[in-house]
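Have the model open as you read.

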Amino acid sequence: MTRIFRVFALTLLSALTVTSAFGQQPIKIGIVTFLSGAAAGAFGVPARNGFELIAEVLNAGKMPAPYANKGFGGNPIELVIIDEAGGPQKQVAELRNLAQRVDYVIGYISSGDCLAVAPVAEELKKLTVLFDCGTPRIFEDASYKYVFRTGPSGSMDNTALALYVLERNPKVKSIAGINQNYAWGQDSWVDFEAAMKALKPDVEVKTSQMTKLFAGQFGAEISTLLSSKAQVIHSSFWGGDLEGLILQGAPRGLFKNHIVALSAGEPAINRLGTKIPDGTIIGARGPFGPFAPDTEFNKWFKNAFQERYAVPPIYASYKATNALLGLKAAYEKAQAGGAASPNAEQVIAAFENLTFEGVGGAVKMSLGKGHQAVMDNAIGMTKNVGTSLQIINVKRYPADKVNPPEGAKSEAWIKSGFKK
Amino acid sequence: MNDLLAVLFDGVVYSSWLFLMAAGLTLIYGVMRILNIAHGSLYALGAYTAATLAGAWLEAGHAAVGTYAMLAAAALLVGAVMGPLLERGLLQWMYGKDEVVLLLITYAAFLILEDTIKLIWGVESKLLSEPYSLPGNFQIGELAFPVYNLILIAVAVVTGLAVAWALYRTRQGKLLLAVIHDREMSAALGINVDRVYLATFTVGSMLAALGGALTAPAIAVSPGIGVEVIVLSFAVVVVGGLGSLGGAALGALMVGIVRSFAVRYWPEAELFTIYFVMAMVLIARPKGLFSAPEARKI
């Protein structure tokens with residue numbers, strides 16, 4: 001009996017020790033990212049890796065300034081990671097379950113999922129941070145109190161891309177597009193076409209190919225693009241479709257005979273390396289990856305990520321990190337305002353219009369009534385040097401040059417000729 | 001004129017790929033009355049295995065030309081392992097059940113195999129571009145096309161002819177045709193129906209894997225590639241008539257060429273074309289182009 005009592009007492013003691021080591025209950029954060037399906041390898045897992053790395057480093061209190069505080073204001077954080085695969089309907093149901101188990105939600109790569117979950121997060125009064133999806137419609141068509149997006153919207157990808165194309169090739173007279181036939185691809189092409197026409201009204205559209213998502217094979221589309229003789233070819237392809245387009249297009253001269261501009265091409269740099277032909281114009285949906293400014297904070301992030309996962313971080317990893325840092329910054333700002341354990345309302349008040357240091361530069365929550373981030377953007381060009389692919393001629397665009405002003409809709413702003 | 005020829009060529013390339021997939025699907029349906037959704041996973045397994053084998057071949061420092069043998073080996077390996085495994089291990093216990101039940105079972109197998117692929121190969125895409133770029137290009141007018149596309153067409157034609165020859169010119173093929181026409185009567189006459197089923201499913205699986213293995217060099221082999229394929233090959237099989245090899249060939253040609261013309265001249269309608277062809281054929285012939293008349297059994 002005495003032995004049982006001793007074991008019980010020891011167990012109780014060790015449990016108490018563990019609790020006091022953490023100090024407080026952990027803050028639970030639901031993470032939604034693709035863990036299966038075609039977007040998992042392309043974005044979902046690199047994003048999850050970003051979340052896990054940062055959560056671990058924050059809990060260990062080893063993050064560089066200005067995030068040296070442990071966890072969120074001294075509280076450890078705990079991630080509850082779920083799969084984004086399955087479509088918007090499934091994600092709405094998943095969010096309803098997840099919201100009961102966590103304090104905050106960070107997630108969503110697909111624009112379709114973002115559009116579907118935003119009103120549900122609002123209804124559930126659950127502070128939800130969208131980290132990657134690109135559609136500008138989230139805060140342009142609606143207004144939310146509980147929803148934030150720390151990733152810039154897709155409009156600036158194509159605005160900056162059009163500026164870059166024309167700065168380097170002012171005599172361009174014709175364009176063509178190959179994009180995936182869903183919200184992301186359609187919006188991207190509309191923005192690029194409008195931006196090109198706003199900047200150079202006489203530009204002619206030769207063809208716009210809208211392919212089925214994950215079609216993988218583009219033989220007929222490449223023939224059409226080659227025949228079109230368009231000077232510039234725009235694509236917002238990502239994942240396997242992007243890699244397939246490069247693998248199938250390069251041997252056929254698509255990249256040699258045309259200026260190819262890939263708005264979301266950055267992840268392919270690590271995957272395909274020197275298989276991407278010279279002179280391909282590439283964006284990273286923000287100042288991420290090889291486009292990130294050369295700051296100590298960014299160097300630390302790149303090294304820590306590379307060391308842990310043996311691959312460089314891609315833009316999804318950057319955006320995941322920024323979402324977690326944004327929420328931490330808001331939480332700690334609310335704490336500094338006097339709330340030791342701030343509630344959702346206090347964190348929201350602190351989050352609105354917040355400017356925080358992200359990996360890749362400053363993130364300003366300046367659109368969508370303080371709920372939508374803007375960042376600078378950067379575009380560059382590929383060049384094969386020996387056995388490595390380098391990004392050259394990088395041009396940076398300040399956030400206010402490539403994003404609409406508060407209250408304006410992206411498409412109308414672009415069509416107006418970027419009037420402020 | 002060259003433009004038209006280029007569009008036709010693109011259509012035939014796409015048709016060849018579709019045919020390799022649809023041939024296996026229609027063969028299995030014709031003999032076993034199973035609409036095999038797991039066919040998409042066998043395609044994906046073929047692609048992943050091809051990328052792995054050919055990748056290992058290149059890494060070992062062997063000549064790149066040997067990668068073509070690796071593609072063929074991948075198709076044979078996947079068919080020889082997965083065909084019997086699925087047929088003996090799963091499907092044989094379900095024969096006699098309703099077609100819908102069998103369809104659901106193959107769907108379950110599809111989901112399991114998709115996760116198995118993820119478990120083995122992870123979620124990162126696999127690349128194997130050497131066999132695609134190795135033979136170089138040829139020209140149709142001003143347009144460059146990879147010679148690899150000619151290989152794909154040749155393999156599809158040879159495979160189609162070989163399967164047709166085996167079906168209609170060999171004793172085993174005739175036994176198989178007898179099973180297609182009347183399973184019970186064939187069994188009563190002493191044909192080993194179980195063996196015919198096993199052989200059919202294995203050959204069908206090899207065709208799916210061959211489709212995947214031949215596609216691997218042109219694409220990024222990534223999770224979910226089997227999903228798209230099963231939808232497309234089902235459309236082709238329905239157009240041709242479920243169970244008809246000739247129907248699969250004609251269906252693939254129709255769908256491939258119409259799609260190619262749409263991409264060039266009416267890109268907005270491209271997604272719609274496959275289903276448009278299917279709808280038009282089904283309005284005229286509700287059981288597809290080459291469906292055999294069914295005898296009424298009393």
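Leaving aside residues up to four places away in sequence, Ala50(B) touches Met70(B), Leu71(B), Ala74(B), Leu128(B), Gly212(B), Ala213(B) and Ala216(B); two residues are in contact if their C-beta atoms, placed from the backbone, lie within 7 Å. This is a predicted model, in which local features need pLDDT of at least 70 and side-chain atom pairs count only at pLDDT 80 or more, while totals for chains, interfaces and linings use all residues. Residues are numbered from 1 along each chain as its sequence is written, and chains are lettered from A and ligands numbered from 1 in the order in which they are written.

Ala50(B) and Ala209(B) touch the most other members of the largest nonpolar core, which has 224 residues. Such a core is a set of buried Ala, Val, Leu, Ile, Met, Phe, Trp, Tyr and Cys residues joined through C-beta atoms within 7 Å, where buried means that 20 or more other C-beta atoms lie within 10 Å of a residue's own. Helix H1 of chain B (residues 2-32) gives the most to this core, 19 residues; helices are DSSP runs of H or I with at least four residues, strands are E runs of at least two, and both are numbered from the N terminus.

Now turn to chain A. There you will find 16 helices and 15 strands. Buried residues make up 53% of its 420 residues.

Where do the chains meet? Here, 33 residues of chain A are in contact with 31 residues of chain B. H8(A) provides the largest share of chain A's side, seven residues.

Note on methods: Buried ≥ 20, exposed ≤ 12 C-beta atoms within 10 Å, placed from the backbone.
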